[in-house]
Amino acid sequence: MKKIIAYNRVEQPVLDNLRKKYDVRFFENIDTKNDTAFLKHLSESEGIVGLETPVDAELLAHAPNLKVVSNVSVGYNNLDIDEMTERNIMATNTPGILTDTVADAVFSILTATARRIPELNQFVKNGEWQTEAVEKEHYGINIHHKTLGIIGMGRIGKAIAQRGHFGFDMDILYHSRSRKPDAEKTFAAEYRTLDQLLAESDFVCMITPLTPKTEGMIGKSEFQKMKQSAIFINGSRGKTIVEQELIQALKNGDIAAAGLDVFENEPVNPDNPLLNMKNVVTTPHIGSSTHETELAMSELAAENLEAGLNGERPPNLVNP
Ligand code: DGY
């Protein structure tokens, strides 16, 4: 039986199925570089399936038999693709099936931040409504008819634009590596340079993949270019922004609020100042995490893995 590693999120029915065909070892939230049991199994394994397993040259040095690494995610910034390609190891991801789920999550975080839902939920549940009238200090801001600036107009960016345009009558601006005529036609989206988008948007939504080009793309000067009333949403990866500079921008009042599904370091450190800010809404990187979509992602990841192990081209190969 071929040996494989399952790491972090792989849904149980999929894991059970894989166990019928492979010798599977499951690991969760370990320090992969120093865990002796993991490294031993890795040295014998032909495949890895899972969420956010960091695979770089250091780890690959322990993996002489590895043929395929199948991410249960659309993002694959955890993988050193060049190094894997050099070693003839296939890398795969799970695009498409999570698009609407992530867009739903991003839009939920956007609305929760604008209407201050977590804070007001706590106000009611704490019994404060009994003693304190609802006043101006509890008001939120409108979402409808505002301008939504989307940075990264890929599949998920378009699904966010669809929700903003058709659901909330928003004006859609976007900044992307290339022009997107389909989004311009369907959602009346208008292309802007990054600086123009930052200056004109009421909501700035980050949904670009993390690459060397997008790492730290939004920092001090970008926050200062946004409206002071702007709400910043990050549904991509924490490292696409300079987190310390977001903290400073919120403290200085350069922007009004932030909704964050992702952080520079995950799980986020409980001492992170963002967690004590009333105008910051957070979720634990759950953009794609619904029961239906996680199962579909695990199934697709298993399909990719098996194709790779059988020497076939996986449906979602990301190596060039
Ligand atoms: C993705 O699929 O990239 C989600 O962010 C989960 O990591």
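**Sheet, core and domain arrangement of the predicted model**

Seven strands, in the order S8-S7-S6-S9-S10-S11-S12, form an open sheet in which the pairing is parallel. Its edges are strand S8 (190-191) and strand S12 (280-282), each of which pairs on one side only. Strands here are DSSP runs of E with at least two residues, helices are runs of H or I with at least four, both numbered from the N terminus, and two strands are taken to pair if DSSP finds at least two bridges between them. The structure is a predicted model, in which local features need pLDDT of at least 70 and side-chain atom pairs count only at pLDDT 80 or more, whereas totals for chains, interfaces and linings use all residues. Residues are numbered from 1 along each chain as its sequence is written.

Within this sheet, strand S6 (residues 147-151) and S7 pair in the parallel sense over five bridges, and leucine 148 stands opposite isoleucine 172 in S7. S7 is also joined to S8 by two bridges, again with the strands running parallel; here glutamate 190 in S8 is the bridge partner of leucine 173. Four of the five residues of strand S7 (residues 171-175) are buried, so this strand is largely enclosed by the rest of the structure. A residue is called buried if 20 or more other C-beta atoms, placed from the backbone, lie within 10 Å of its own, exposed if 12 or fewer do, and partly exposed in between.

The domain assignment of the protein gives domain 1 (3-96 + 292-309) and domain 2 (99-282), with bounds that come from an automatic or database assignment. The centres of the two domains, taken over C-alpha atoms, are separated by 31 Å. Five residues of domain 1 are in contact with six residues of domain 2, contact being defined by C-beta atoms, placed from the backbone, that lie within 7 Å. The side of domain 1 that touches domain 2 has one nonpolar, four polar and no charged residues, where Ala, Val, Leu, Ile, Met, Phe, Trp, Tyr, Cys and Pro count as nonpolar, Asp, Glu, Lys and Arg as charged, and the others, Gly among them, as polar.

The largest nonpolar core has 85 residues, and those with the most contacts inside it are Val106, Ile150, Ile160 and Cys205. The largest share of this core, eight residues, comes from helix H5 (residues 99-114). Both domain 1 and domain 2 give residues to the core, so it lies between them. Such a core is a set of buried Ala, Val, Leu, Ile, Met, Phe, Trp, Tyr and Cys residues joined through C-beta atoms within 7 Å. When residues up to four places away in sequence are not counted, isoleucine 150 touches Gly157, Ile160, Ala161, Ile172, Tyr174, Cys205 and Ile207.

The ligand is surrounded by Ser73, Val74, Gly75, Leu98, Gly287 and Ser288, a residue being near a molecule if its C-beta atom, placed from the backbone, lies within 6 Å of it. By class, this shell has two nonpolar, four polar and no charged residues.

Several loops carry particular backbone features. A cis peptide bond with omega of about -5° joins glutamate 266 and proline 267, and proline 267 lies in the loop between strand S11 (257-260) and S12. Asparagine 8, in the loop between strand S1 (3-7) and helix H1 (12-21), has a positive phi near 55° although it is a residue other than glycine; with 16 C-beta neighbours inside 10 Å, asparagine 8 counts as partly exposed. Alanine 188, in the loop between helix H9 (181-187) and S8, likewise has a positive phi, of about 50°, and is exposed, with 12 other C-beta atoms within 10 Å.

Terms used:
Contact = placed C-beta atoms within 7 Å.
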